[in-house]
Amino acid sequence: MERAEAEVEMEAAGGDGVHTPHSAPSTAPSARVSIWESVRACGVWGREVDKAELRLRLVMPLYARRAVAAAVKERSEAAGVAAAAAAKEEEAVVEGEEPLEVVTPMVVFVNSKSGGRHGPELKLRLHELISEEQVFDLSDVKPSDFIRYGLGCLERLAEKGDNCAKDIRHKMRIMVAGGDGTVGWVLGCLQDLNKLKREPVPPTGIIPLGTGNDLARSFGWGGSFPFGWRSAVKRYLSKAGTAPIVHLDSWQAVITMPEGQIDELPHALKKVELADHLEINKENGSELPEKASSYKGVFYNYLSIGMDAQVAYGFHHLRDDKPYLAQGPVANKLIYAGYSCTQGWFCTPCTASPQLRGLRNILRLYIKRANCSEWEQIQMPSSVRSLVILNLKNYGSGRHPWGDLKPDYLEKRGFVEAHSDDGLVEIFGLKEGWHASFVMAELIKAKHIAQAAAIKLEMRGGEWDRAYVQMDGEPWKQPLIQDQSTTVEINKVPYHSRMINGDI
């Protein structure tokens, strides 16, 4: 499996309109995306977009796009500045003459490995529609390099008095062509701009190329790559240039292990260095063992532990070993279903391997409720074999396991209506595969456990030597130790991610 209602923000600077939650009704996208809405978002119907008009709106001047491309390629802001000077001479730009204003400069990141055979073809189509310099293949370019060097080059040009570069940097928007994991990777890198106070942070839209595409569904970009994709891509880009901006919570997970390390580290996680180790000790008021190691990562849609993560782990390895089997979302879902059956998700005798039993054997759950500073232990239901911590309503290819709960039930359980920018996550459980199937078919709701503003999980192996975890579609095998606890602490990141609302 490769993130919802949010309050619409209009930015006074840069031409993006903003409504605050208290000043006007929300125009944020509905979490429930019907088939018709998915088709509409993919752009199968609607007015034709003129290619020449689109280029005028989205394409940066030659000197600017060459500067950004050179800075990213050479990983040097200075290289970008030099490329800009050379391109200006080539264009014979008169000193003091300003290039034409770009309405909405657009950069697109493409995961060419997503979407079956569509990734490479989509990249070529984007080259035609905007320009090769504004399209980056994530197989070759890390989003962090673009943010550090590409945007840094524009900032340096702006400091030198280049008003066009300043305008491009201020108005920049980003599209990500990929699945949920790819989108999360880009959003995580963009957060560095907040940390370094390099605002504004470019808002992000999505071209759905993954299997689940729950982030794309949640923000009105549809749940699948459309059949008539060559025309639809123009509409994606056109919509991304004018659509309003909405907010999305993000959550940082810090994993602390008493010893050992995580093999096959996913993009979602980074190993914590010694200086950060000391900071974590200070925040937690505790000392870590000498051999301890820590990892941290950010998720936008969900973090889960248990059987669903085990199935995702197996699927990812099968796709890597036999890529010819994964030729698109439909094939991927069939493989998922088959792999679920082979892992005991649907039928597990009580005498089966302990890895297939309930999570209660290895897991303790603590939460902090809204406006509360004390940890509260929550009893894990004995039947739960997958624990899911959800930020969006969409999960598992557009399903809504938390459900649309009635006011009296919310009051009885002490819950509030779920939104993607409310500072809370929803925690629910899935039992065996049959229960999960009925939940995904929306015939029943998942096992509601809690809503929380912060979460701490303590895992201790016992008979288990590992658990399976995934964040936003990126799974890994988490080593466990029999008599020492591995902890996962989850807290809200103090700033929102900015998303382009495609549901217009």
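1. A word on terms before anything else: helices (H or I, at least four residues) and strands (E, at least two) are DSSP runs, numbered from the N terminus. By that count the chain has 15 helices and 20 strands.

2. Keep in mind that this is a predicted model, where local features need pLDDT of at least 70, side-chain atom pairs count only at pLDDT 80 or more, and totals for chains, interfaces and linings use all residues. Residues are numbered from 1 along each chain as its sequence is written, and side-chain values use heavy atoms, with hydrogens and water left out.

3. On burial overall, 56% of the 504 residues of the chain count as buried (under 20% relative accessible area; exposed is over 50%, partly exposed in between, with a 1.4 Å probe and protein chains only). The chain exposes about 22300 Å², and carbon and sulfur atoms supply 52% of that (Shrake-Rupley areas with a 1.4 Å probe; for residues, only the protein chains shown count as cover).

4. Now the cores. A nonpolar core here is a set of buried Ala, Val, Leu, Ile, Met, Phe, Trp, Tyr and Cys residues joined through side-chain atoms within 4.5 Å. The largest has 74 residues, of which L122, F146, M175, W221 and L237 touch the most other members. There is also a second, separate core of 37 residues, which includes L359, I389, I455 and I490. As background, nonpolar side chains tend to be buried together in soluble globular proteins.

5. L122 deserves a click. Leaving aside neighbours within four places in sequence, L122 is in contact with A177, I207, L209, F225, W229 and V233 (contact means heavy atoms within 4.5 Å).

6. Helix 6 is next. Its 17 residues (143-159) should span 24 Å at 1.5 Å a residue, and the end C-alpha atoms are 23 Å apart, which agrees (the expected span is 1.5 Å times one less than the number of residues). Helix 6 does bend by about 30° at G152, taking the bend as the angle between axes fitted to the seven residues ending there and the seven starting there. G152 is itself among the buried residues of helix 6, as are F146, I147 and L151. After the helix comes G161, with a positive phi near 95°.

7. In helix 2 (residues 51-58), L54, R57 and L58 are the buried residues. Seen down the axis, they fall within an arc of 80°, so they line one face of the helix (the arc is that of the directions from the helix axis to the C-beta atoms). Their cover includes strand 2 (106-110) and helix 10 (229-242).

8. In helix 15 (residues 433-440), G433, H435, A436 and V439 are buried. Here the arc is 155°, so these residues line one face of helix 15. They pack against strand 14 (425-430) and strand 15 (447-452). Just after helix 15, E442 takes a positive phi of about 60°.

9. Some loop details to check. The loop between helix 8 (180-195) and strand 5 (204-208) holds P200, and the peptide bond from E199 to P200 is cis, with omega near 0°. K197 sits in the loop between helix 8 and strand 5 and has a positive phi of about 60° although it is not a glycine. At 69% relative accessibility, K197 counts as exposed.

10. Finally, S131 lies in the loop between helix 5 (118-129) and strand 3 (135-137). Is S131 buried or exposed? At 4% relative accessibility, S131 counts as buried. Apart from neighbours within four places in sequence, S131 is in contact with R55, R65 and L126.
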